[in-house]
Amino acid sequence: MHQRILMRAKKGPFDVYSPEETFEQNWIGENAGNLVFSHAAYKLLGAGNTQIDPTAFRANLREADMINERYDVFVVPLANAFRRSYADRLGNLTRLIQRLRIPVVVLGVGAQTNVKGDLEYLRPIDDAVKAFVKAVLDRSHSIGVRGEITGDYLRSLGFSAVDVIGCPSMFLHGDNLRVEKRKAFLEPDDRIAMTISPYVKSMAKVVGNHHRKYPNLRYIPQDLKTLGTLLYGDAPEDRGKTSQIPIHTSHPLFTEDKVRMFVDPSTWMDYLSGFDFNFGTRIHGTITALIAGTPGYLFAHDSRTLELARYFEIPHRVMKDVPADVDAADLYEEADYTALNNGHKARFETMLAFLAKHDLPNAFADGDSPSRFDEQVRATTYPPAVGPAAAADQDVLLGRLQWLRDHADELRGEVESLQQVRLRVRVRQAVGGRMRRILNR
């Protein structure tokens with residue numbers, strides 16, 4: 001059956017943009033982690049001749065009629081959309097859904113509060129969340145949530161059609177996921193990747209200690225601002241600033257060329273597959289390591305990270321319980337992937353049951369669809385890792401300068417076109433005004 005799916009995704013898995021284009025047009029949706037779960041959702045649903053188109057995160061009410069006409073279902077993978085800072089954008093998405101006549105399926109959404117799951121913190125957005133969930137359930141059998149904290153929140157609002165399904169990102173390989181330690185213990189020269197949420201300031205000493213002890217440590221950022229810093233240096237308001245968190249070019253991880261960022265999931269996974277361990281505060285930084293087969297360890301600092309770690313049984317600690325002198329070697333020794341590995345098939349079956357309930361395709365039940373997806377990924381040339389500009393070679397910097405010049409020329413052309421349009425409008429207005437004065441004599 002040919003099914004036409006519109007998916008809420010910033011871009012498709014085979015849409016290739018340079019790091020410069022990615023930064024300019026925000027093709028990661030502020031956080032590269034968004035690409036990881038949309039990439040997996042594409043593969044999961046890409047059975048047979050299924051057509052999947054991304055929305056580029058648009059929620060344009062004027063497109064509702066077009067969506068109703070062209071698509072059979074609107075699939076909505078979401079991150080921590082039930083949070084205070086997202087209420088306005090959630091409202092826009094709700095208004096679009098209210099105009100749709102096709103099924104709408106939410107493929108995982110999370111609430112964001114503290115690690116205690118304090119629902120009172122979410123009360124200011126109750127009405128926005130109720131409106132969204134009602135609009136979805138008017139067009140769907142149930143709503144898929146990432147974990148029990150979000151499930152409890154929606155039940156507290158009076159909704160019972162709630163399925164805990166986790167996040168599509170962990171099912172990139174279907175029911176085939178096995179994470180194993182490649183060595184008995186970590187040594188100082190081993191390759192260790194670190195993820196950091198820049199706003200989690202308690203990571204500062206952790207960063208410093210690991211920078212000093214592990215010479216092959218690499219920081220893998222995910223946020224748009226850091227991508228800009230890597231490409232062009234510090235923003236004007238940040239020049240000359242220092243921080244113990246690696247957010248400025250003055251940080252040792254920048255000056256020593258130990259920062260790498262990726263604008264596509266496949267290159268990110270390929271890179272992490274060569275590491276011995278990955279740890280830090282980013283949930284999708286951790287998941288990307290795990291699905292690459294690299295042991296990962298999460299510092300859960302809010303409900304959204306904690307509920308996913310619990311659901312998938314990812315080794316983790318709550319951030320407030322992480323001492324400043326924590327050592328990756330101890331985390332590695334502590335980490336046990338038995339429950340994650342053994343429970344994966346059952347969790348995948350839960351996801352498949354959710355897809356079946358909503359009449360969505362399952363690529364893993366459709367012959368060689370997953371292998372075709374993987375082959376297309378391998379055949380696609382994605383941009384390499386982005387490192388600090390100060391350490392980039394001459395060809396990379398020259399290419400970046402050429403892109404900036406070409407982009408400046410494009411902008412100049414657009415400005416000139418706008419000026420010509422305005423001039424023509426003014427001429428028409430002047431002529432029209434003169435004709436009216438003549439006619440009124």
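Me: Which residue stands opposite Ile-5 in β2?
Reply: Ile-52 of β2 stands opposite Ile-5. This is a predicted model, in which local features need pLDDT of at least 70 and side-chain atom pairs count only at pLDDT 80 or more, while totals for chains, interfaces and linings use all residues. Residues are numbered from 1 along each chain as its sequence is written, and side-chain values use heavy atoms, with hydrogens and water left out.

Me: How many bridges link β1 and β2?
Reply: Two strands pair if DSSP finds at least two bridges between them; strands are DSSP runs of E, at least two residues, and helices are runs of H or I, at least four, numbered from the N terminus. Here β1 (residues 4-7) pairs with β2 in the parallel sense over four bridges.

Me: What is the order of the strands in the open sheet?
Reply: The four strands follow the order β2-β1-β3-β4, with parallel pairing.

Me: Is strand β10 buried or exposed?
Reply: Buried means under 20% relative accessible area, exposed over 50%, and partly exposed in between (1.4 Å probe, protein chains only). Five of the five residues of β10 (residues 296-300) are buried, so this strand is largely enclosed by the rest of the structure. Gly-296, Leu-298 and Ala-300 cover one side, and Tyr-297 and Phe-299 the other.

Me: Which strands pair with β10?
Reply: Strand β9 (residues 277-280) pairs with β10 in the parallel sense over three bridges, and Gly-280 stands opposite Leu-298. Three bridges also join β10 to the parallel strand β11 (residues 316-318), where Arg-317 stands opposite Phe-299.
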